[in-house]
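Have the sequence and the 3D view open, and try each task before looking at its solution.

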Amino acid sequence: MTLLDGSDTPPDGEGSVQVALDPQDQIKGAKVIAVYGKGGIGKSTTSSNLSAAFSKLGHRVLQIGCDPKHDSTFTLTKKMMPTVIDVLETVDFHSEELRVEDFMFEGYNGVMCVEAGGPPAGTGCGGYVVGQTVKLLKQHHLLEDTDVVIFDVLGDVVCGGFAAPLQHADNAVVVAANDFDSIFAMNRIVAAINAKAKNYNVRLAGVVANRSAETDEIDRFSDAIGMKRLAHFKDLDAIRRSRLKKCTLFEMPDSPEVEEARQEYLNLARTLYEGAEAQQANPMKDRDIFDFLGFE
């Protein structure tokens, strides 16, 4: 395996069959953030509101949804967008025939949105989809005018293909609720980030507590493995309703709770843009975390 610097190194982990990132596909200049977490935990809501916060701070933002459901950006664009794979299929995968407006759409406050999509169920690889999306963006010079790129990636990391955004990212953020399943998934995601960090520039930035009144279990686990909590978003009805209204939290009616959440997103954006301290977390074995979080 050949890395960005041309050196040969061991694969990402024991038994890994990952393909190294082509240096030509490296994203340069922009701050790149990959958002992971258990399925249904609110990654897309977090990603979209974080994109909006970055834009409010004056940054040029690109959000890339990496889920076959292609619903990452609809609160920014107000509708479901065609995916990169969909539009490539219409031209028999001749990318040179595509125009920018075929696959990139402007959303709230100037945030640019791309839905990578995914292969049909049971076929293909998510890593291929991510790779083709980045190549297309570079081909059209769309990353040159971008300050922040956010990859919103589906579910738990068990497939190396959907870990591909970690090859591009500077920071990885894990979204979790204050419950067993979320934290169990977070532990495995941290292991995946550590594996990629051996060969790529990505570093764990920390955890974002979401949809949780309290953070005691997240904090207890984070302290045990050496990770920090970056932000806390409570289970607000305004956030739930913003999804139903197809808008970001920054477009919802003002209230003390909404303003508090907005400020938390702005603070998170500032932290990530200025460079969150890399976390040297040591994930637990599955049996150990089961005992650590379980109740008798």
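The exercises below work through a predicted model.

**Exercise 1.** Find the order of the eight strands in the open sheet, and say which strands stand at the edges.

*Solution.* Start with the order, which reads β3-β4-β2-β5-β1-β6-β7-β8. Next, look at the pairing: it is mixed. Finally, go to the edges, where β3 (105-106) and β8 (229-233) each have a single partner strand, so one side of each is left without a neighbour in the sheet.

**Exercise 2.** Work out how β5 pairs with β1 and with β2.

*Solution.* Strands of a sheet can pair in a parallel or an antiparallel way, through backbone hydrogen bonds. Take β1 (residues 31-37) to begin with: five bridges join this strand to β5 (residues 148-153), and the two run parallel. Within this pair, K31 has V148 as its bridge partner, while V32 stands opposite V149. Now turn to β2, which pairs with β5 over six bridges, again in the parallel sense. Here you can pick out G65, whose bridge partner in β5 is D152.

**Exercise 3.** Are the residues of β5 buried or exposed, and which way do they point?

*Solution.* Sort them by direction: V148, I150 and D152 point one way, and V149, F151 and V153 point the other way. Then check burial, taking under 20% relative accessible area as the cut-off: six of the six residues in β5 are buried.

**Exercise 4.** Which strands does helix α1 lie across?

*Solution.* Trace α1 along residues 43-56. This helix lies across β1, β2 (61-66), β5, β6 (171-176) and β7 (203-210).

Methods. Residues are numbered from 1 along each chain as its sequence is written. This is a predicted model: local features need pLDDT of at least 70, side-chain atom pairs count only at pLDDT 80 or more; totals for chains, interfaces and linings use all residues. Side-chain values use heavy atoms; hydrogens and water are left out. Two strands pair if DSSP finds at least two bridges between them. Helices (H or I, at least four residues) and strands (E, at least two) are DSSP runs, numbered from the N terminus. Contact means heavy atoms within 4.5 Å. Axes are lines fitted to C-alpha atoms, for helices over the stretch in contact, and angles run from 0 to 180 degrees between N-to-C directions. Buried means under 20% relative accessible area, exposed over 50%, partly exposed in between (1.4 Å probe, protein chains only).
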